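Subject: Structure handover and findings

Dear colleague,

Please find the structure below, handed over for your use. A written account of the findings comes after it.

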Amino acid sequence: MTNRGAGDELILHTEDDFEDESLQERLVGLTEMFPEVVRDTTSKLWELSKWSTANFYHYTREILWVVASSAVILALPVALEVESLQIQEAQIQQQRQILLGPKPGGAPQIGGGGLPGSGLPMMPPPPPK
């Protein structure tokens, strides 16, 4: 980049002539571009969003803890009792089947059978004419 000085001499600027700026210095320079009201509003919105996120996380954890512990305390005993009753019913059915044998309607019929469970044989087809 070239510039003309006061005495019309040519001044050359190279990359090495500029001081290196830190990130913080650059950000401070950028903030000076915006009015004070914009900077204050942005800062307040940022703080509000951080506060809201932290509170949302905190309350979500508390609610999940209450729901999970209540489910374990209230629903788990009921589920275990229902399972226990089902096991007892299955054992009673198995004992009945062993003692009494198969149910009468469940036995296979020996003559073909007409109506299911009736024990009556089917009528033969009519003779051809």
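The notes that follow set out the conventions, the overall architecture, the salt bridges and the surface.

This is a predicted model, in which local features need pLDDT of at least 70 and side-chain atom pairs count only at pLDDT 80 or more, while totals for chains, interfaces and linings use all residues. Residues are numbered from 1 along each chain as its sequence is written, and side-chain values use heavy atoms, with hydrogens and water left out.

Confidence

The mean pLDDT (the predictor's confidence in each residue, from 0 to 100) is 81 for the protein chain, and 71% of the residues score at least 70. Where pLDDT is low, the predicted coordinates should not be read in detail.

Architecture

The protein chain contains two strands and two helices, arranged along the sequence as β-β-α-α. Both kinds of element are DSSP runs numbered from the N terminus (helices: H or I, at least four residues; strands: E, at least two). Helix 2 comprises 65 residues and spans 93 Å from its first C-alpha to its last, close to the 96 Å expected at 1.5 Å a residue; the expected span is 1.5 Å times one less than the number of residues. A kink of about 35 degrees occurs in helix 2 at Ala-75, shortly before Pro-77. The bend at a residue is the angle between axes fitted to the seven residues ending there and the seven starting there. Just after helix 2, Gly-101 adopts a positive phi of about 85 degrees.

Salt bridges

The count is three salt bridges, each defined as a side-chain nitrogen of Lys or Arg within 4 Å of a carboxyl oxygen of Asp or Glu.

- Glu-36 and Arg-39 pair at 3.4 Å, N to O. These residues are three apart in helix 2 (residues 36-100), and are therefore separated by about one helical turn.
- Lys-50 and Glu-47 have their closest N and O atoms 3.6 Å apart. They too lie three residues apart in helix 2, about one helical turn.
- Arg-26 and Glu-21 meet at 3.7 Å, N to O.

Surface

Buried residues account for 1% of the 129 residues in the protein chain. Its accessible surface is about 12,700 Å², with 65% belonging to carbon and sulfur atoms; areas come from the Shrake-Rupley method with a 1.4 Å probe, and for residues only the protein chains shown count as cover.

A nonpolar patch on the surface consists of Leu-23, Leu-27, Leu-30, Met-33, Phe-34 and Val-38, with about 620 Å² of accessible area together. Patches are made of residues with over 30% relative accessible area and no salt bridge, like charges being joined within 9 Å and nonpolar side chains (Val, Leu, Ile, Met, Phe, Trp, Tyr) within 5 Å. Helix 1 (residues 23-31) supplies the largest share of the patch, three residues. Leu-27, which lies in helix 1, is partly exposed at 46% relative accessible area.

Yours sincerely

Terms used. Buried means under 20% relative accessible area, exposed over 50%, partly exposed in between (1.4 Å probe, protein chains only).
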